[in-house]
Amino acid sequence: NTKRLEILKDAFPRITRVAALSNPRNPVSKPIVAAMQAAAGPLKLQLETAQVQSPSEFSSAFAALTKSRLEAIVVTEDGEFASSFKAISTLATANGLASIGAKEYGDAGGLIGYGVNILSLYRRAAYFVDRILKGAKPADLPIEQPTTFELVINQRTARALGLTVPPLVLLRADTVIE
């Protein structure tokens, strides 16, 4: 999520006020938001937190974000959010906010998506399940972390927001949605 802040700042250097959409019931959210707070200072960003526990709270959270004069939002990792990427991207665009989230967020209409390809992780997990079913001991299997991250830029959303994504950022993108 700190990398997402960097990408957002690279794409739109003039932004200064950003919110992190996080779920306070998710125990992973607290360290994610703390890391983003630490990364925000060097990027000259003010980071606020928009806490949302369920999709029913999205509309009121975005209304509050708009009143706070925020310019962008970072959608943090959360199962509640992943199933609602389309709704979140629609609200972000309707409220004039640049937004970034997981790779699939960009595919669902968000301005920018950055992260691992979840399907490739599932395929890799299937490989390990196969090895275990063939008799390998789980303790003997190596621990792997993702090594490939994808950047998705949604130009349709950029146009709807009246934003121009710089050419250098577009060149870094793995996928540009026209």
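The questions and answers below go through the sheet, the cores and the aromatic pairs.

Author: This is a predicted model, where local features need pLDDT of at least 70, side-chain atom pairs count only at pLDDT 80 or more, and totals for chains, interfaces and linings use all residues. Residues are numbered from 1 along each chain as its sequence is written, and side-chain values use heavy atoms, with hydrogens and water left out.

Reader: Which strands stand at the edges of the sheet?

Author: Strands are DSSP runs (E, at least two residues; helices are H or I, at least four), numbered from the N terminus. Two strands pair if DSSP finds at least two bridges between them. Seven strands form an open, mixed sheet in the order β2-β1-β3-β4-β5-β6-β7. Each edge strand has a single partner, so one side is left without a neighbour in the sheet: these are β2 (46-51) and β7 (175-177).

Reader: In which sense do β3 and β4 pair?

Author: A72 stands opposite A98 in β4. Over three bridges, β3 (residues 72-75) and β4 (residues 98-101) pair in a sense that is parallel.

Reader: Which residues touch the most other members of the largest nonpolar core?

Author: A nonpolar core is a set of buried Ala, Val, Leu, Ile, Met, Phe, Trp, Tyr and Cys residues joined through side-chain atoms within 4.5 Å. Buried means under 20% relative accessible area, exposed over 50%, partly exposed in between (1.4 Å probe, protein chains only). Of the 29 residues in this core, those touching the most other members are L5, L8, F12, V18 and I112.

Reader: How is the pair of F58 and F81 classed?

Author: Rings of Phe, Tyr and Trp (its six-membered ring) pair if their centres lie within 6.5 Å; planes under 30 degrees apart count as stacked, over 60 as edge-to-face and the rest as tilted. The structure holds four such aromatic pairs. In the pair of F58 and F81, the centres are 6.0 Å apart and the planes stand at 50°, so this pair is tilted.

Reader: Is F81 buried or exposed?

Author: F81 sits in helix α4 (residues 79-82) and its partner F58 in helix α3 (residues 58-67), 23 residues apart. F58 has 3% relative accessibility and counts as buried. F81 has 0%, so F81 also counts as buried.

Reader: What about the rings of F85 and Y105: how is that pair classed?

Author: F85 is buried, and so is Y105. F85 lies in helix α5 (residues 85-94) and Y105 in helix α6 (residues 103-107), 20 residues apart. Their ring centres are 5.5 Å apart and their planes are at 80°, so the pair is edge-to-face.
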